[in-house]
Amino acid sequence: MNNKDFIRLKTTIAIKAVLKIIAYSLFSIWLLSILVDGLFNDILANSVSEYSRSFYLFCVSKKDFLISIAYFIVIAIVSFFVVRNLNNNIIEVISAMDNILKKPEEDIKLSSELAIIESKLNKLRIDLITSKKAADDANKKKDDLIMYMAHDLKTPLTSVIGYLTLLTEEKEISYPLKEKYMKIALDKSLRLEELTNQFFEITKYNLHDMPISKQNIDLSFLIGQVLDEFYPMLQERNLKYSVNTPEHLYMLGDGDKLARAFGNLVRNAIYYSYEGTDIVIDLLEKEGRIYAIFKNKGDKIPDYKLDKIFDKFYRIDSSRATDTGGTGLGLAITKEIIELHRW
């Protein structure tokens with residue numbers, strides 16, 4: 001409600017109050033005149049005369065003065081009830097405002113004379129609901145982003161731990177291989193630092209608002225880099241992998257985000273593969289579209305769970321949560337990243 005509306009509303013209420021006082025007072029005075037000077041004039045005169053002749057003569061001599069006092073009393077009484085009614089309206093409005101805070105989903109119902117205020121309060125109520133929903137959505141998106149980033153931090157951290165474990169446990173490791181492992185561990189540590197820095201900036205956006213920095217990237221090379229991160233995990237579960245892809249397969253995309261998506265798929269394949277089996281990755285281009293197909297050998301996913309596997313926090317096998325430390329976000333993140341690229 002702007003200042004003009006507020007002034008107009010105050011003026012309307014004041015005019016209505018004055019008109020009520022005038023109308024009710026005139027009616028009351030008219031009714032009093034009829035009763036006192038008309039219907040009950042003789043009865044009142046005789047009663048006062050019998051009670052006190054001197055008082056009766058006083059009333060007759062001061063008739064105009066007494067009538068004026070009577071009219072004043074009538075106006076005072078009428079004004080009292082009109083003002084009290086205004087106070088009741090104020091209490092009604094205050095109660096309605098409290099109800100907006102306690103039960104915003106309920107419509108506000110006020111007296112007919114407060115129709116303007118009722119309309120304004122209902123609009124305020126809807127605005128409050130909208131604002132609260134927007135705030136809740138913003139908080140939920142920020143919480144999701146924090147979970148996303150925490151999930152992404154796990155991949156390089158797992159890789160660092162894996163390679164350092166290999167360096168510690170393999171006593172007869174060759175120097176070139178040791179140097180390779182150390183370099184990969186260092187690269188992943190730097191990647192971990194980069195993701196940590198991004199963590200503080202990314203909370204300003206929801207995932208759909210994150211800028212996509214598209215460049216011409218080689219998917220064949222990218223998938224090779226992603227698989228390097230998971231070498232220790234593959235070794236631990238005695239898994240092998242094969243990649244079927246053209247020597248170079250280029251596309252416009254965000255390399256970092258696609259690396260996240262592919263990494264989530266590889267991790268998922270490792271978690272749910274039988275030990276000693278192969279993971280097969282096919283990258284191909286067909287009719288202007290690029291397909292990335294990840295295959296592994298593991299327990300079949302029941303049909304009734306297939307529709308839920310891309311839902312946030314959904315785990316196909318919740319009993320494996322302790323073993324894998326997963327949050328059920330990997331495939332949800334992958335889906336949103338792929339949708340960002342409009343694949």
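This is a predicted model: local features need pLDDT of at least 70, side-chain atom pairs count only at pLDDT 80 or more; totals for chains, interfaces and linings use all residues.
Biologist: Happy to! What order do the strands of that open sheet have, and what kind of pairing?

Modeller: In general, the strands of a sheet pair through backbone hydrogen bonds, either parallel or antiparallel. Here the three strands follow the order E2-E4-E5, and the pairing is mixed.

Biologist: Which strands stand at the edges?

Modeller: Those are strand E2 (240–244) and strand E5 (289–295); each has a single partner strand, so one side of each is left without a neighbour in the sheet. On average, neighbouring strands of this sheet are turned by 10° against each other, direction ignored.

Biologist: How many bridges join E2 to strand E4?

Modeller: Five bridges link E2 with E4 (residues 278–286), and the two strands run parallel. As a landmark, look for asparagine 244, which stands opposite aspartate 282 in E4.

Biologist: Which strands does H9 touch when it packs on the sheet?

Modeller: H9 touches E4 and E5, and its direction makes about 25° with that of E5.

Biologist: And how do I read a helix pair, say H9 and H12: at what angle do their axes cross?

Modeller: For a helix pair, look at distance, angle and handedness. The axes of H9 (residues 255–271) and H12 (residues 330–340) come within 9 Å and cross at roughly 145°; the crossing is left-handed.

Biologist: Which residues meet there?

Modeller: From H9, they include Leu258, Ala261 and Leu265, and from H12, Leu331, Ile333 and Ile337 are among them. By class, this contact has seven nonpolar, four polar and two charged residues.

How values were computed
Residues are numbered from 1 along each chain as its sequence is written. Side-chain values use heavy atoms; hydrogens and water are left out. Axes are lines fitted to C-alpha atoms, for helices over the stretch in contact, and angles run from 0 to 180 degrees between N-to-C directions. Helices (H or I, at least four residues) and strands (E, at least two) are DSSP runs, numbered from the N terminus. A crossing is left-handed if the near helix is turned anticlockwise from the far one by less than a right angle, and right-handed if clockwise. Contact means heavy atoms within 4.5 Å. Ala, Val, Leu, Ile, Met, Phe, Trp, Tyr, Cys and Pro count as nonpolar, Asp, Glu, Lys and Arg as charged, and the others, Gly among them, as polar. Two strands pair if DSSP finds at least two bridges between them.
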